[in-house]
Amino acid sequence: MSEEVVKLKNVWAQYDGTTVLEDINLSINKDDFLGLIGPNGGGKTTLLKLLLGLIAPSRGEVTVLGENPEKGRKHIGYVPQHSLFDRDFPISVMEVVLTGRLSHTKRFRRYSRADRQDAAEALRAVDMLDFQDRQIGLLSGGQQQRVFVARALVGEPKLLLLDEPMSNVDTPMQEDFYELLQRLKQRMPIVLVSHDISAVSVYVEKIACLNRRLFYHGGKELTPEDLEAAYQCPIQMIAHGVPHRVLKEHINE
Amino acid sequence: MIDALLHYQFMQNALVAGLLAAVACGIIGTYVVVKRMVFISGGISHASFGGIGLGYYLSQFISWVTPVYGALVFTLFSALGMGVFVKRTRLSEDTSIGILWAVGMAVGIIFIGLTPGYTPDLFSYLFGSILTVSKADLIMMGILDVIITLTVLLLYKEYLAISFDQEFGMALGLPTERLYLSLLCLIALTVVLLIRVVGIILIIALLTIPAASARQFTHSLKNMMLLSIAFGIVAVLVGLWLSYELDLASGATIILTSGALFLCSFGISRLRSRLSLNNASGGCS
């Protein structure tokens, strides 16, 4: 049996008085690589916020590594949805990665030598160590995303959360990026959030679909009924050949 | 001017006041520029007029109260109020700032109206009067500088993190709202420090122009602070000298000098990037 990293039990969440998540049950295990898909506004970001302890569920229980999310979140490496940060912001790659140590460092102190070594190590893990003195805005979208992954890794996470990581990565670089995730997967479970089913499905091992309710069968297969229910409209079936199949075979169609 | 500097206490005071102002502007102005807080800083500085009025009004009852003390307390509270208002209400940020900006100034006008007698140095708070800065003013400016510098030294990495990516800071469990409010308080202190130098109306210039100039030359926040302190010092020295020689308003001359400095640094950085582009393409071919 693999160890449970995250557990959501009958979780409901509200945002501005409207229910965004309804009776979510989900457990993420130690060696999972889970793709969380769903339409925009389907509650994906809300679910991430629950895991990070930024909002509280209106009902139900969220546990991260056996603790409540506010305590557990320092074990979560978070790669936020690519925000439109100021490309001119005077900050180097190294400094960006170091901010990932802030959940561990003491207030009112400078970063220690160990912090810097960890940051260098994280940059090496994403093949970006050569760029450590570069200003972040001068990198390409794909390189920036790698730096943000390094920033998440530097806190020695036991779970990696990525919110729409591909939105700013050029298509040719996406493959590289997924290979990086495959590598990181050896070290920790990964949850990848995306609105794009086809992009995710090839790489992840399990897929859950979220739109207010969660459709998840503990594997990579979703039924067309799930997708239709989640997206509330018929979904074009996509198949990537047998090894990458997302949907069940439809013998009668 | 050297002659005047040697002979006149007020010139020496003016110089020291300018240098003290440059330090606070360099450090806090850098945050104002990179974190895009120019408008809220404008709001805080104008709202400080309410404190000036309050100080005037209270000084008739309590002898040791001065308009600047009034400004210190009032500006801190209005900065906090603005921060909470902006974060907690559904009003858009610029609307809430606009409201408090005007309300603060109106409070000042009412209090000044309630104070009996003529208020001769009112204009010095609006437009600055660096030549009338007293020893006591200098001491207060020095203390404010120390508070500002120490706070930034202690919270440098946290401020950098929330300036660059507030959302990630929240996910790390940083107290982002409290950090933001403390930064607004530092802006408030800087505003109070600058009132005597350039006046309420021109404060926003010293909070933005030196930092914006420095930004043209560096990609490090720390260097940007140091460089913008240097630009601030140059602007103060040259501005003071020009205003003395040409008999112009000192605050406005300092601002115009820093404006000219910005144009120069902007031009230089454009020129440099064009040259390096040319070199790069030359190297490739």
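Author: Let's begin with A17(B), which sits in helix 2 (residues 9-34) of chain B. Keep in mind that this is a predicted model. Chain B has a mean pLDDT of 91, with 97% of its residues at 70 or more. For the complex, the predictor gives an ipTM of 0.87 and a pTM of 0.88.

Setting aside neighbours within four places in sequence, A17(B) is in contact with I130(B), V133(B), D137(B), L138(B), M141(B), R196(B) and V197(B). Another distance worth checking on screen is the one to L194(B): that residue is 177 residues away along the chain, yet the two C-alpha atoms are separated by 8.9 Å.

L184(B) is found in helix 10 of chain B. L184(B) is buried because it has 24 C-beta neighbours inside 10 Å. Not counting residues up to four places away in sequence, L184(B) touches I44(B), A79(B), L80(B), M82(B) and G83(B). From L184(B) to I200(B), 16 residues along the chain, the C-alpha atoms are separated by 16 Å.

Next, the core itself. The largest nonpolar core has 150 residues, and V97(A) and A21(B) are the ones that touch the most other members. Helix 10 (residues 176-198) of chain B makes the largest contribution to this core, with 15 residues.

V97(A) takes us over to chain A. Leaving out neighbours within four places in sequence, V97(A) is in contact with A119(A), A122(A), L123(A), V147(A), A150(A), R151(A) and V154(A).

As for where the chains meet, 21 residues of chain A are in contact with 21 residues of chain B. On the chain A side, helix 3 (residues 93-99) gives the most, with three residues. Sorted by class, that side of chain A has twelve nonpolar, five polar and four charged residues.

Helix 4 (residues 113-125) of chain A deserves a look too. This helix has 13 residues and reaches 18 Å from its first C-alpha to its last, close to the 18 Å expected at 1.5 Å a residue. D115(A), D118(A), A119(A), A122(A) and L123(A) are buried in helix 4 of chain A. Looking down the axis of helix 4 of chain A, the buried residues fall within an arc of 140°, so they line one face of the helix. R113(A), A114(A) and Q117(A), on the other side of helix 4 of chain A, are exposed. What do the buried residues of helix 4 of chain A pack against? They pack against helix 3 and helix 5 (141-153) of chain A. After helix 4 of chain A comes D127(A), with a positive phi near 60°.

Stepping back, chain A comes to eight helices and nine strands. Of its 253 residues, 42% count as buried. Take the contacts in chain A between residues at least 6 apart in sequence: 67% of them join residues at least 24 apart.

Methods:
Residues numbered from 1 in each chain as written. Chains lettered and ligands numbered in written order. Predicted model: local features only at pLDDT ≥ 70, side-chain atom pairs only at ≥ 80, totals over all residues. Helix = DSSP H or I, 4+ residues; strand = E, 2+ residues; numbered from the N terminus. Contact = placed C-beta atoms within 7 Å. pLDDT = per-residue confidence, 0-100. Nonpolar A, V, L, I, M, F, W, Y, C, P; charged D, E, K, R; others polar. Core = buried A, V, L, I, M, F, W, Y, C linked by C-beta atoms within 7 Å. Buried ≥ 20, exposed ≤ 12 C-beta atoms within 10 Å, placed from the backbone. Expected span 1.5 Å × (residues − 1). Arc of directions from axis to C-beta.
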